[in-house]
Amino acid sequence: MQLRLKKLGTCDYSETWRAMSAFTEQRTPSTIDELWLLEHPSVYTLGRNGKPEHILDSGDIPVMQSDRGGQVTYHGMGQLIAYTLFDLRRLDIGVRRLVSGLENAVIATLAQYGIPAQARADAPGVYVGGQKIAALGLRVKQGCCYHGLSLNVNPDLAPFARINPCGYAGLQVTSLCALGVDINPLEAAVPMIGYIQQIFGYQELIA
């Protein structure tokens, strides 16, 4: 089974969302799954059932309604975005195994840098000492998923203080940089790609 890797650089949120949605609508049972790696300029996004009151003060940061699951989160430069355009039927997994697999890929990646991390049963994502370092938000249509995960590598963390991250008031957020690991998002992507391949059973990575 093949996985196509796309390194897209800096991408507008709404344009990327439209592209993911179109890809998913048009794909067929033989379409190769894709993993998109990118960064977004500063934006707050609300999930399908997101409550606007979780945005405390958006200031000059735009707010986008999205069709992913989850509440509100922040995206900005220095954050690794990994969008998973996977055929879950072909992988023979459900949403819970997809979420768990992505969390485990992030946990294993952080372990490469000496950072112990955990998932939480009550709140999807990855946490270091109670602080959130990675968020997940997904959409499944006709057995295929899009959106994915965001890992805080070296972003400005201040905008997270202006929301209730993922709908949790007072939730603290951290990053690899804040934990003493000075790398850029694409460096962090290298081990994560390998773990995603391994966990979901992709034998071949193609460009």
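Modeller: Let's start with Arg120, which is partly exposed, with a relative accessibility of 28%. Please keep in mind that this is a predicted model. The partner of Arg120 is Asp122, and the closest N and O atoms of this salt bridge are 3.0 Å apart. Asp122 also counts as partly exposed, at 49% relative accessibility.

Now compare that with Asp33 and Arg27, whose side chains form a salt bridge with an N to O distance of 2.5 Å. Asp33 has a relative accessible area of 0%, so this residue is buried. Arg27 comes out at 10%; the cut-off for buried is under 20%, so Arg27 is buried as well.

Glu34 and Lys6 meet through their side chains in a salt bridge, at 3.3 Å from N to O. Glu34 belongs to strand β2 (residues 33-39) and Lys6 to strand β1 (residues 2-10), so this pair ties together parts that lie 28 residues apart in sequence. Glu34 is buried, at 4% relative accessible area, whereas Lys6 is partly exposed, at 29%. Arg4 joins in too: Arg4, Lys6 and Glu34 are linked in a network of salt bridges. Over the whole structure, the search finds nine salt bridges.

You also asked what else is there. Cys144, for one, is in no disulfide, and the nearest cysteine sulfur, from Cys145, is 7.6 Å away. Cys144 is buried, at 4% relative accessible area, while Cys177 is partly exposed, at 40%.

Next, look at helix α3, residues 95-112. Just after α3, Gly114 has a positive phi of about 75°.

Finally, there is the largest pocket, with a volume of about 400 Å³. It is lined by 29 residues, and those closest to its centre are Arg68, Gly69, Gly70, Leu136 and Gly137. Helix α3 and strands β5, β8, β9 and β10 each supply at least two lining residues, and β9 gives the most, with seven. By type, the lining has 14 nonpolar, nine polar and six charged residues.

Note on methods. Residues numbered from 1 in each chain as written. Predicted model: local features only at pLDDT ≥ 70, side-chain atom pairs only at ≥ 80, totals over all residues. Heavy atoms only, no water. Disulfide = S-S within 2.5 Å. Buried < 20%, exposed > 50% of the residue type's maximum accessible area, 1.4 Å probe, protein only. Helix = DSSP H or I, 4+ residues; strand = E, 2+ residues; numbered from the N terminus. 1 Å grid on protein atoms, 1.4 Å probe; cavity = no way out; pocket = protein on both sides within 12 Å on 5 of 7 lines; lining within 4 Å. Points joined across faces, edges and corners; volume = space filled by probe spheres on them. Nonpolar A, V, L, I, M, F, W, Y, C, P; charged D, E, K, R; others polar. Salt bridge = Lys/Arg side-chain N within 4 Å of Asp/Glu carboxyl O.
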